Amino acid sequence: VQYRRKVMNQMFRDAKGRMLGIMEDQGDLIVLRDARGRQLGVYDKRMNVTRDSFGRMVGTGNLLTMLLK
C-alpha cells in the first residue's frame, strides 16, 4: 500500500505581487525553487542544515529565504 504525502508549498512574492520563489515541504527536506522552477537550495530537517544549489552548506537552521534574490 502506498501513501501519498501531501506536499506543503509556501510562495514568496515581491511588493508588486510577482512570484520570487516557492518552498516545498517534502517530509525530511524543504526545497526552495525560484520563479522558473530552478532549485536554489535545500533544508534538511534531520541534519538541521541548509545547502545551496551546489550542495555547499549555507548554515545551520532553515536559511532558505536568504537564497531568494
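Tutor: Let's start with a turn: β3 and β4 form a hairpin with 4 residues between them, and G37 in that turn has a positive phi of about 90 degrees. Bear in mind that this is a predicted model, where local features need pLDDT of at least 70, side-chain atom pairs count only at pLDDT 80 or more, and totals for chains, interfaces and linings use all residues. Residues are numbered from 1 along each chain as its sequence is written, and side-chain values use heavy atoms, with hydrogens and water left out.

Student: What makes β3 and β4 strands, and what makes them a pair?

Tutor: Strands are DSSP runs of E with at least two residues, helices are runs of H or I with at least four, and both are numbered from the N terminus. Strand β3 covers residues 29-34, and β4 covers 39-44. Two strands pair if DSSP finds at least two bridges between them. Here 5 bridges join β3 to β4, so the pair qualifies, and the strands run antiparallel. Within that pair, R33 stands opposite Q39 in β4.

Student: How many helices and strands are there in the protein?

Tutor: There are 0 helices and 6 strands, and the order from the N terminus is β-β-β-β-β-β.

Student: Which bridges join the other strands, starting with β1 and β2?

Tutor: β1 (residues 8-13) and β2 (residues 19-25) are antiparallel and joined by 6 bridges, with N9 opposite E24 in β2. Their hairpin has 5 residues between the strands, and G17 in the turn has a positive phi of about 90 degrees. Between β2 and β3, also antiparallel, there are 5 bridges, and G21 stands opposite D34 in β3. That hairpin has 3 residues between the strands, with G27 at a positive phi near 90 degrees. β4 and β5 are antiparallel too, with 4 bridges, and V42 stands opposite R51 in β5.

Student: What makes the phi of N48 worth a remark?

Tutor: Most residues other than glycine have a negative phi. N48 has a positive phi of about 60 degrees although it is not a glycine. N48 sits in the turn of the β4 and β5 hairpin, which has 4 residues between the strands.

Student: Why is N48 called partly exposed?

Tutor: Buried means under 20% relative accessible area, exposed over 50%, and partly exposed in between (1.4 Å probe, protein chains only). N48 is at 35% relative accessibility, so it counts as partly exposed. R36, in the loop between β3 and β4, reaches 71% and therefore counts as exposed.

Student: How do you know that D52 is buried?

Tutor: D52 has 13% relative accessibility, so it counts as buried. D52 belongs to strand β5 (residues 49-52). Leaving out residues up to four places away in sequence, D52 touches L40, G41, V58 and L67, where contact means heavy atoms within 4.5 Å.

Student: What makes R56 and D52 a salt bridge?

Tutor: A salt bridge is a side-chain nitrogen of Lys or Arg within 4 Å of a carboxyl oxygen of Asp or Glu. The closest N and O atoms of R56 and D52 are 2.9 Å apart, so the pair meets the rule. The count by this rule comes to 6 salt bridges. Among them are R18 with D14 at 2.8 Å, N to O, and R38 with D34 at 2.7 Å, N to O.

Student: Are D34 and R38 buried or partly exposed?

Tutor: D34, at 11% relative accessibility, counts as buried, whereas R38 is partly exposed with a relative accessible area of 49%. D14 has 22%, so it is partly exposed.

Student: Which residues make up the largest nonpolar core, and what makes it a core?

Tutor: A nonpolar core is a set of buried Ala, Val, Leu, Ile, Met, Phe, Trp, Tyr and Cys residues joined through side-chain atoms within 4.5 Å. The largest has 8 residues: F12, M23, I30, L32, Y43, L64, L67 and L68. The contacts of Y43, not counting residues up to four places away in sequence, include I30 and L64. Across the protein, buried residues make up 30% of the 69 residues.
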